[in-house]
Amino acid sequence: MKNLTLPLLLTPALTVIVLLFGGGLLLALLQSLGYVPAIGRTDLSVEAYRRVFSDAAFGRSLLLTLWIAGVSTAVSTLIALLAALVLRRSFPGKHLATFLFQANLPIPHLVGAIGILFLFSQSGLLARLGHLAGIIQVPADFPALVFDPYALGIILEYVWKSSVFTGVILLAALQSIGEEYEDVAQTLGANRWQRQRHVTLPLLRPAILSASILVFAFTFGAFEVPLLLGARFPSALPVLAYRLYTDVDLNARPEAMALSIIIAVIITVLIAFYMQLTRRQR
């Protein structure tokens, strides 16, 4: 009976996950294969996938999504690493600095995106302050950081949020590692840079890779921030899937679901890689 305790306790949660997530994924897969009874389409085919892969918009959206996820992950990881290395040390005001660094953890991404929109758009607060200060002639002269082709506003929001998430993980990893290895390296004549490079960073590498994969997977699959701050074309893959899904023409539904399945497959591969990495770490 003891062997059945854990499965029985997990049964309610697993039932909800399997029915909601598994059922939704199965329905998305069927619709991506052309099964849309509402418009009389019941034959299964891969035509939607063929159209998606042959569309030039898919290639541009994929590159843009990879650009957003890659740059956001790289910049936020670098900021998080620097912040974790600083906050692990004892200094006056450390508790306040740690609190300020982690202050935006409970703030949703959507709220952060609205803040970026109000601050950095060409009609936002900074543009108007620059106009009032005489730095720019009109607010429209402010650099295009929102709705721009390089997705700078989107990247800025993801960096603002993800650097804190990654920083908390790295700080916890540093605290678990301790300073004993660095102390040994110091007694052997290693300077601070050598200790950071040859001792601290190799020990942090599993945590850095794990956090980076999670951030990349999230930014690759999220749609609300690119929808609010991104340009109309090209748009990120999740936004493209959302617009096809909400199209008044239900014939676009299979393509939307095909895009969703493609995104899910990419994220699943990343999660599998993350699980393999954590297994090796253990």
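Me: What makes Glu-47 and Arg-50 about one helical turn apart?
Reply: Look at their places in helix H2, which covers residues 47–54. Glu-47 and Arg-50 are 3 residues apart there, so about one helical turn separates them. Keep in mind that this is a predicted model.

Me: Why is the meeting of Glu-47 and Arg-50 called a salt bridge?
Reply: Set the distance against the cut-off. The term needs a side-chain nitrogen of Lys or Arg within 4 Å of a carboxyl oxygen of Asp or Glu. For Glu-47 and Arg-50 the N to O value is 2.5 Å. That is within 4 Å, so the pair counts. In general, side chains of opposite charge can pair when their charged atoms come close.

Me: Why does Arg-51 count as forming a salt bridge with Glu-47?
Reply: The closest N and O atoms of Arg-51 and Glu-47 are 3.7 Å apart. The cut-off is 4 Å, so the pair passes. Arg-51 and Glu-47 are 4 residues apart in helix H2, which puts about one helical turn between them. Arg-51 has 25% relative accessibility, so this residue is partly exposed.

Me: What makes Arg-51 and Glu-255 a salt bridge?
Reply: Their N to O distance is 2.8 Å.

Me: Why is Glu-255 called buried?
Reply: The relative accessible area of Glu-255 is 18%. Buried means under 20%, so Glu-255 meets the cut-off.

Me: Which residues are linked in a network of salt bridges?
Reply: Glu-47, Arg-50, Arg-51 and Glu-255 are linked this way. A search of the whole structure finds 3 salt bridges.

Me: Which residues of H2 are buried?
Reply: They are Ala-48, Tyr-49 and Val-52.

Me: How do you know that the buried residues of H2 line one face?
Reply: Look down the axis of H2. The buried residues fall within an arc of 95°, so they line one face of the helix.

Me: How do the axes of helix H3 and helix H11 cross, and at roughly what angle?
Reply: H3 covers residues 56–87 and H11 covers residues 237–245. Their axes come within 8 Å and cross at roughly 135°. That makes H3 oblique to H11.

Me: Which residues make the contact of H3 and H11?
Reply: From H3 come Ala-57, Phe-58, Ser-61, Leu-62 and Thr-65. From H11 come Leu-237, Pro-238 and Leu-240. By class, this contact has 6 nonpolar, 2 polar and no charged residues.

Me: What makes Leu-87 a buried residue?
Reply: Leu-87 has a relative accessible area of 6%. The cut-off is under 20%, so Leu-87 is buried. This residue belongs to helix H3. Leaving aside neighbours within four places in sequence, Leu-87 is in contact with Lys-94, Ala-97, Thr-98, Phe-101 and Leu-171.

Me: Why does Val-75 count as partly exposed?
Reply: Val-75 is at 33% relative accessibility. From Val-75 to Trp-160 is 85 residues in sequence and 9.8 Å in space, C-alpha to C-alpha.

Me: How many helices and strands does the protein chain have?
Reply: The protein chain has 12 helices and 0 strands. Of its 282 residues, 39% count as buried.

Terms used. Residues are numbered from 1 along each chain as its sequence is written. This is a predicted model: local features need pLDDT of at least 70, side-chain atom pairs count only at pLDDT 80 or more; totals for chains, interfaces and linings use all residues. Side-chain values use heavy atoms; hydrogens and water are left out. Axes are lines fitted to C-alpha atoms, for helices over the stretch in contact, and angles run from 0 to 180 degrees between N-to-C directions. Helices (H or I, at least four residues) and strands (E, at least two) are DSSP runs, numbered from the N terminus. Angles under 35 degrees count as roughly parallel, over 145 as roughly antiparallel, 65 to 115 as roughly perpendicular and the rest as oblique. Contact means heavy atoms within 4.5 Å. Ala, Val, Leu, Ile, Met, Phe, Trp, Tyr, Cys and Pro count as nonpolar, Asp, Glu, Lys and Arg as charged, and the others, Gly among them, as polar. Buried means under 20% relative accessible area, exposed over 50%, partly exposed in between (1.4 Å probe, protein chains only). The arc is that of the directions from the helix axis to the C-beta atoms.
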